[in-house]
Every structure is written in structure tokens, then in C-alpha cells.
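Work through the exercises below with the model open. Try each task before you read its solution.

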Amino acid sequence: MLYGEEEQMENENDNRNKNNGKMPKNMQTIIILVISGLLMLMLISFMNTWIQGATNREISYDDFIEMLEKGKVSSVSIQSDRIIIEPKEQVNAFTNITFYTGIAEDRTTISNRCQEAGVEYKAVVPDSSSGIIDFIVVWVLPVLLMYLVLGFFVRKMTKGGGGMMGVGKSNAKVYVQKETGVTFRDVAGQDEAKESLTEIVDFLHNPGKYAKIGAKLPKGALLVGPPGTGKTLLAKAVAGEAKVPFFSLAGSDFVEMFVGVGASRVRDLFKQAQQAAPCIIFIDEIDAIGKTRDSRYGGNDEREQTLNQLLSEMDGFDTSKGLLILAATNRPEVLDKALLRPGRFDRRIIVDKPDLKGRLETLKVHAKNVLMDDTVNLEEIALATSGAVGSDLANMINEAAILAVKQGRNVVSQADLFESVEVVIAGKEKKDRILSSQEKKTVAYHEVGHALVTALQKDAEPVQKITIVPRTMGSLGYVMQVPEEEKYLMSKDELEARLVTLLAGRAAEEIVFSSITTGASNDIEKATQIARAMITQYGMSDKFGLMSLESVENPYLDGRTVMNCGDATAGEVDKEVMKLLKVCFEKAKLLLIENRDILDKIAAFLYEKETITGKEFMKIFHEVKKLPEEFVEKEDAPLEEMQKIEVKESDIIEENSKKEENIESE
């Protein structure tokens with residue numbers, strides 16, 4: 001027991017007296033019996049009508065006269081609106097079929113015809129009560145039944161507490177103690193978030209030491225961060241550490257097509273939680289019900305009712321009973337302000353992408369049950385995976401283990417880990433995609449253009465690997481760069497070096513082949529994003545200075561940006577972006593022209609090997625850098641094959657100088 005028994009006993013007595021606000025079980029049983037009885041009456045009426053339709057057949061009056069004359073009638077019964085005919089011979093032995101027809105003559109004529117044919121006949125006195133019974137069975141009972149059933153469902157859905165089929169009942173999954181199988185030891189790379197949650201768990205276990213100083217348990221804590229960073233895992237770890245009941249559900253579990261069901265489920269959830277206090281409620285993806293209330297474009301009544309009920313319940317419960325609410329979202333900017341104010345979600349816990357130390361710890365957690373050889377260096381993998389979240393790192397370890405098994409080995413090597421990094425980032429190798437000789441040559445020069453410009457710039461990241469093997473995510477080749485250390489800030493020179501590197505692939509194509517291809521589309525997209533951010537967000541433009549022209553809307557999701565300026569200024573921004581990209585492209589071309597011999601040599605080697613390491617690349621780079629020019633031109637046959645397309649460097653330099661003059665004049 002974490003709290004006294006007196007409060008729980010008082011709650012139990014109150015619940016007994018008030019019967020939890022639910023309908024008595026006896027009343028529910030009576031209603032079910034009444035509904036069952038009405039259904040039985042309707043079924044009997046339906047069966048009776050069906051049987052009558054199957055055993056009574058209508059015939060014409062002429063057929064009736066003919067049957068009398070031929071002696072096929074056993075008896076005749078004259079009713080108020082029809083004549084019932086009983087035949088002498090039945091169609092089969094299983095069903096007694098009677099015929100009926102309308103009264104076309106007066107009763108005296110009909111009786112005379114029956115006497116002449118020797119047929120027994122009788123007149124039936126009409127029963128006035130039968131019409132009333134038929135009216136009640138056919139009309140009154142069905143309408144009454146529908147009214148009772150619909151009223152029962154509406155009351156249950158609006159009152160809460162579950163009801164038939166559990167429409168208004170909360171479907172939260174309840175964990176108790178360590179049933180989740182996850183503790184804080186299983187969460188790595190989020191030390192600050194774990195520290196905040198550890199304080200909350202300690203408050204639940206030892207409320208006395210906080211109460212002495214006057215501290216109160218926070219009502220709620222909001223876990224905020226990008227997808228895959230471990231928000232749900234942290235919540236499960238809280239469940240494993242807290243050793244109290246843990247109600248877990250998603251925000252979408254509250255939303256239904258029926259208005260009032262979500263609010264009913266919120267009431268039922270908090271009622272269960274208060275009975276089980278001390279406990280924790282965890283709502284994943286709370287933005288499904290917690291979006292800002294806005295009626296300008298028409299609101300969602302069901303979602304808003306659910307949010308209003310949640311706000312009311314969070315205000316109404318007593319924190320001294322040990323009830324805590326955890327919620328997770330990656331869209332905090334869309335949440336209603338009333339939900340985020342102190343007194344509801346008192347703490348906002350940021351669960352961001354891990355840094356180098358966090359990635360290393362995360363890799364160790366996921367690698368502890370995987371067999372690895374002595375070549376494995378997780379620090380190198382952590383350095384190569386900048387920007388990766390916990391789920392990405394777990395996937396990389398798993399992919400490396402699968403790769404080792406496919407190759408018939410019992411342990412994972414460093415090569416497996418680097419290959420798994422490539423699989424997660426760029427996809428698997430497409431062995432069925434065979435490039436033509438010309439395409440392969442173009443891709444080789446394109447990728448070497450990136451790598452060579454990287455090596456020639458002091459602010460660029462070192463090259464880890466170059467490949468021209470196509471991958472499943474659409475790339476025909478790529479250059480893997482690994483930073484020497486973790487960086488949290490980038491200078492203007494480093495960003496410009498990044499732009500020059502991205503545009504170097506297109507520059508190499510233009511220099512060597514005097515034409516361009518579609519292979520640089522992704523490079524151009526990335527370069528444009530960086531250049532625009534430099535001008536609109538980072539204040540790195542001489543023209544606009546320190547003016548902020550763009551803001552990020554969804555920082556934890558796609559990072560989409562919105563312009564904060566007029567149309568005229570936006571047009572000027574586009575011109576600045578174009579100018580910056582043009583200058584960086586010309587710089588890339590100039591670097592490649594000045595080092596054309598190195599470009600050709602490494603491209604020939606890559607064309608032959610298809611994949612080379614950073615060490616092999618730098619080895620050739622330094623060798624060619626030291627060799628005399630006449631020796632480089634007399635290299636092996638693959639290089640001569642690659643140099644079939646001649647380029648006059650003097651013409652390109654002259655063309656570049658003209659472009660620079662045009663830029664200055666503009």
C-alpha cells in the first residue's frame with residue numbers, strides 16, 4: 001500500500017451507495033427479458049404469416065365453380081371477405097393446402113351451389129377482436145420495440161459506464177507492475193527524459209518526503225519528440241518501474257462516429273483509474289483528440305466533446321490519490337492551449353534524437369544479445385549514423401545480424417554493421433538492375449565528382465565509401481561521408497562547402513560529357529533546401545542580413561517551412577538562392593577542372609571495382625597528386641577507355657569566366 005486504507009474504504013462505500021452511477025443489474029435483466037419477449041412475438045407473427053402464405057392459395061371464382069361441379073371440394077367456409085375451399089385430394093402428404101377466392105355472388109346462391117354439389121358448407125361469424133390483434137402485432141409491437149431498443153442504446157452511450165457491447169466503455173490496456181517487461185535499463189540515449197520520469201516514479205513510491213516540503217505530484221507529463229525516439233518505450237519503462245496499475249491506450253481509441261462516445265470513454269477511463277489509484281494513465285498520440293478547437297471551418301463535435309471532457313476530468317481528480325497522466329505526441333504545436341497549461345500537463349519532456357553518446361549507448365543496448373566479433377567498433381557506427389533515432393539503430397543491428405546469417409557466419413562483423421547502415425539509409429542492392437556502359441560511366445564520374453570536391457575542401461566531411469551499385473531506394477550510386485566528430489553548429493563556410501559538394505556531381509557530368517542527366521535531382525533538392533535555409537533562417541545573406549523570413553511548422557515531423565514575408569520579398573529570396581547555388585556550382589566546376597587528372601583516374605578505378613573505400617580513394621588521390629602530369633596521361637587501359645570523350649579545359653575556363661562576368665554585371 002502506497003496510501004492509507006481509509007480513503008479507499010470511503011471510496012468503496014460511496015461506490016456501493018451510488019452503485020457507481022450504473023443501472024441496477026435487475027433492471028437490466030428485466031429490459032433484456034422484455035426485449036426477448038417482444039422479439040419472440042414478432043417471430044411468431046412472422047412465422048404464422050409465412051405458414052399461411054405457404055398453405056393458402058388463391059384461385060379464381062370460375063375455378064371454384066369448376067371444382068364444385070367436378071366434385072373436388074370437400075367443404076366450404078364462407079367468411080366475411082372470402083370463401084375458404086378445402087379440397088378432397090391433397091397435393092402431397094406433408095402439407096395441407098387450402099384454396100380461397102373472393103365472394104362474387106350472394107351467400108344464398110353460393111349455398112345453393114354447395115347443396116347441389118353435395119358439399120358441406122358453413123358461414124363463419126366475424127371476430128371483431130382479430131383485427132385489433134393483427135394491428136397490435138403488425139404495427140404497435142414493432143414500433144414499441146424499436147423505441148425501447150434505440151432509447152436503451154442512447155442512454156448507455158451518453159451515460160457512460162460501458163453498456164451493451166461496451167460502446168461507451170474505455171478499452172484501455174492495463175499493465176500492473178513489471179508486466180510490460182521494460183524498465184529504465186532498457187532505455188538508452190535519453191538521460192534527461194529518464195531523469196524527469198524517475199522523479200515522478202519516486203513520487204509515487206515515496207510521497208511522504210515530497211509532502212514534507214510542500215511539493216505536489218504533477219498532474220501530467222507530455223512526452224514530445226520525433227517518431228522513433230522512444231516515447232512509447234519510455235512510458236512502458238515507467239509502467240515497469242512504478243509497480244502501480246498502468247492504463248495504456250491511444251488517442252484514436254476515444255474517437256468514434258457516434259457523438260458522445262469519446263466523452264463517455266474518457267469518463268469511464270478516469271473512473272477506473274480513480275478506483276485503482278495510485279496509478280498512471282498513458283495516452284499515446286494525444287494529438288488525435290487534443291487538437292486546437294477551431295470553428296472557423298466547421299468543427300468536429302465528437303472530438304471537441306472528447307477534449308472538453310478530458311480537460312474537465314484533469315481538473316477534477318485529486319493528485320493526492322496518486323493519479324498521473326502521461327501523453328506522447330510528435331505534433332505539440334497543434335495541441336489546444338488549455339491542455340498545455342500548468343495544472344494539466346505540468347511537464348513537457350523532450351525526447352529528441354540522440355547525440356553521439358546517446359547513439360552509442362542505444363547501440364550497446366540493442367547489441368547486448370547479438371554475437372559480435374572483435375572487429376566491431378560501435379563508436380564508428382555511432383559516428384556514421386548522425387541524425388538516426390533509436391528505432392533506426394535497433395533496425396541497423398537487426399539487419400546486420402540477418403546479413404551475417406545469410407552469409408553463413410555465426411557472429412556479426414564491422415562490415416555487416418556498415419552494410420546495415422547503408423541498407424537502412426539507401427536500401428538494399430538491386431542486383432537485377434544492370435546499367436549500360438555509358439550510364440555506369442556517367443554515374444562513376446558523378447559520384448567521384450562529389451568525393452573529389454569533398455577531399456579538396458577543408459570544411460567538408462571525410463569520405464567513407466563510394467559505390468555505383470544501384471539501391472532499392474532509387475539511387476544509382478552514392479558517397480558515404482562520416483564526420484570526424486559530432487557537431488551541433490555549422491558555420492557558413494561549412495554550409496557552402498556542403499553546397500559545393502552536392503553540386504559537384506552535376507559539374508562532373510557537364511565537364512566530362514558536355515551534357516547533363518537526371519541523376520542530380522536529389523542533389524539539387526538538398527542544395528536548394530540548404531541555400532534557402534541559409535538566407536531565410538540563418539541570417540547568412542548579405543542582402544537580407546539578420547531578418548527571419550521563414551519559420552518551421554512541424555519541427556518533429558517533416559520540418560515543413562512557411563514564408564513570413566510578402567510576395568515581393570519572396571521573389572528576391574528566390575533570386576538570392578539562385579545566385580548562391582550558381583556561385584557554388586561554378587566553384588565545383590573550377591575545382592574539378594583543376595584536378596581533372598585525379599577525377600579521371602579515380603573514376604576509372606571506380607568503374608572497374610564498382611565500390612571503393614575511403615582509404616582506397618585517398619590513396620589514389622595522393623598518388624596522382626604527386627605524379628608528374630606526363631606520367632598520369634600514360635596510365636593503364638581502363639583510364640584510356642574512360643577518356644574517349646575529350647574536353648578542352650581552356651574552353652571551359654573561358655566559359656566560366658564569361659559566366660562570372662555576367663553574374664557581376666547582374
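**Exercise 1: a surface tyrosine**

Tyr 147 lies in helix H5 (residues 128-159); helices are DSSP runs of H or I, at least four residues, numbered from the N terminus. The model is predicted: local features need pLDDT of at least 70, side-chain atom pairs pLDDT 80 or more, while totals for chains, interfaces and linings use all residues. Residues are numbered from 1 along each chain as its sequence is written, and side-chain values use heavy atoms, without hydrogens and water.

Task: classify Tyr 147 as buried or exposed.

Solution. Step 1: take the cut-offs, with buried under 20% relative accessible area, exposed over 50% and partly exposed in between (1.4 Å probe, protein chains only). Step 2: Tyr 147 has a relative accessible area of 61%, so Tyr 147 is exposed.

**Exercise 2: aromatic pairs**

Task: find how many aromatic pairs there are, then classify Phe 203 with Tyr 210 and Tyr 445 with Phe 513.

Solution. Step 1: rings of Phe, Tyr and Trp (its six-membered ring) pair if their centres lie within 6.5 Å; planes under 30 degrees apart are stacked, over 60 edge-to-face, the rest tilted. Step 2: the count comes to 5. Step 3: Phe 203 and Tyr 210 sit 4.6 Å centre to centre with 20° between the planes, a stacked pair. Phe 203 is buried at 9%; Tyr 210 is partly exposed at 22%. Step 4: Tyr 445 and Phe 513 have centres 5.6 Å apart and planes at 90°, so they are edge-to-face. Step 5: Tyr 445 is in helix H16 (residues 437-456) and Phe 513 in helix H17 (residues 492-513), so the pair ties together parts 68 residues apart in sequence. Tyr 445 is buried at 0%, and Phe 513 is buried at 12%.

Key: Helix = DSSP H or I, 4+ residues; strand = E, 2+ residues; numbered from the N terminus.
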